[in-house]
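Hi,

Here is the structure I promised to pass on.

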Amino acid sequence: MNQHFLQSSAWEKFQQLENHQTFRLQEKDYSALAILQTTPVGNYLFCPYGPALNSANEKCLKSALAGLTKLARKNNAFFIRIEPTSDSLSPNMLKSLSLKKSHDIDPAHTWVLDLSLPQEELLKQMRKSNVQYWQSSSKKGLTIRTSQDPKDVQILSSLLRGVADKDHFTPQDEQHLQRQVESGFATLYFAEYQGQTLAASLVYDYDDVRFYAHAATSDQERKLAAGTVLLVQMILDAKNRGAKIFDFWGITTSEDKNHPWYGFSQYKKSFGGQMISYAGTWELPLQPLRYQMYQLIRHINRLTRKILH
């Protein structure tokens, strides 16, 4: 049973630190971490990148939905949100189970790099300039530092706020990121030059996978490509600690250069690797009127954000 990090006990403990009520279902056909979420309309259950199915087929998914429905009704949840990590569950099959396609909460496509290759082969897969920046970084005075001190999150948060102001998005809450470091699965990386932090990243390590979770780069000393150097180092460190996969966490399949994810998707691809696709985000309404009201509120909120941006 292939379980994503967002279905792990580590993520469950973090959700509890965030004051979310969690539930764990474990059956022959599936396992599921379900998180109780609240809205002005009522509660719903969310299985981020789950449930984990024993086999990617209708039988196992029906069994999981039955278990989640029973749990949802017990907790007065008006719908269930799932994100199966399989692309072999066809949209028609999902719709036949009364599931409705939703706007994707977690990315439906990600980019992964196989770390079982020798380091020389990994570097060959990368864009030549990425490797050159990394190879020359120490001579230019760029240093890499790691930390698992929650107080150091403020450095990443400061850089994230700078990027958010420029690119018009809402950055992750600083306390939210601090709790991730406190939970023990997250490590901070910093690229520093002459007393300045030029780039910062946060990675998650789970089993044999390292996830590239959050990153931000300063506009200072751009010629040093500190963010690129940091990413190469995080990949090689993951390999050296025994990880088998580096997951870049989310890309777009759009070839439209104006797509908001196009630039960073192309950037992630420049380090070598391949795409993995999931089923996407789907919802099972249990109380149709409440669900319709919730959908209307979501639609209005999305339109408001577009107008403001």
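To start with, where is the place of N19? N19 sits in the loop between α1 (9-17) and β1 (22-26), where helices (H or I, at least four residues) and strands (E, at least two) are DSSP runs, numbered from the N terminus.

Before the rest, the ground rules. This is a predicted model, so local features need pLDDT of at least 70 and side-chain atom pairs count only at pLDDT 80 or more, while totals for chains, interfaces and linings use all residues. Residues are numbered from 1 along each chain as its sequence is written, and side-chain values use heavy atoms, with hydrogens and water left out.

Most residues other than glycine have a negative phi, and most peptide bonds are trans. N19 is not a glycine, yet has a positive phi of about 65 degrees. N19 is exposed, with a relative accessible area of 70% (buried means under 20% relative accessible area, exposed over 50%, partly exposed in between, with a 1.4 Å probe and protein chains only). D207 also has a positive phi, near 50 degrees; D207 is in the loop between β10 (196-206) and β11 and counts as exposed at 62% relative accessibility. Then there is the peptide bond from G50 to P51, which is cis, with omega near 5 degrees. P51 is in the loop between β3 (43-47) and β4 (52-53).

Buried spots

I82 belongs to strand β5 (residues 77-82) and is buried, at a relative accessible area of 1%. Skipping neighbours within four places in sequence, the contacts of I82 (heavy atoms within 4.5 Å) include G50, P51, L61 and W282. G280 is 198 residues from I82 in sequence, but their C-alpha atoms are 8.3 Å apart in space.

D106 might interest you too: D106 is buried yet has no salt bridge, and the nearest side chain of opposite charge, R81, is 8.4 Å away. For that, Lys and Arg count as positive and Asp and Glu as negative, with His and the chain ends not counted; a salt bridge is a side-chain nitrogen of Lys or Arg within 4 Å of a carboxyl oxygen of Asp or Glu. You'll find D106 in the loop between β6 (100-101) and β7 (109-114).

Salt bridges

The whole structure has 15 salt bridges. One of them joins R145 and D152 (3.3 Å, N to O). R145 is partly exposed, with a relative accessible area of 27%, whereas D152 is buried at 17%. E192 also forms a salt bridge with R145, with the closest N and O atoms 2.9 Å apart. E192 lies in strand β9 (residues 186-193) and R145 in strand β8 (residues 143-147), so this pair ties together parts that are 47 residues apart in sequence. R161 pairs with E174 in a salt bridge, the closest N and O atoms being 3.5 Å apart. Here R161 lies in helix α6 (residues 153-167) and E174 in helix α7 (residues 174-182), so the pair ties together parts that are 13 residues apart in sequence. R161 is partly exposed at 41% relative accessibility.

Cheers
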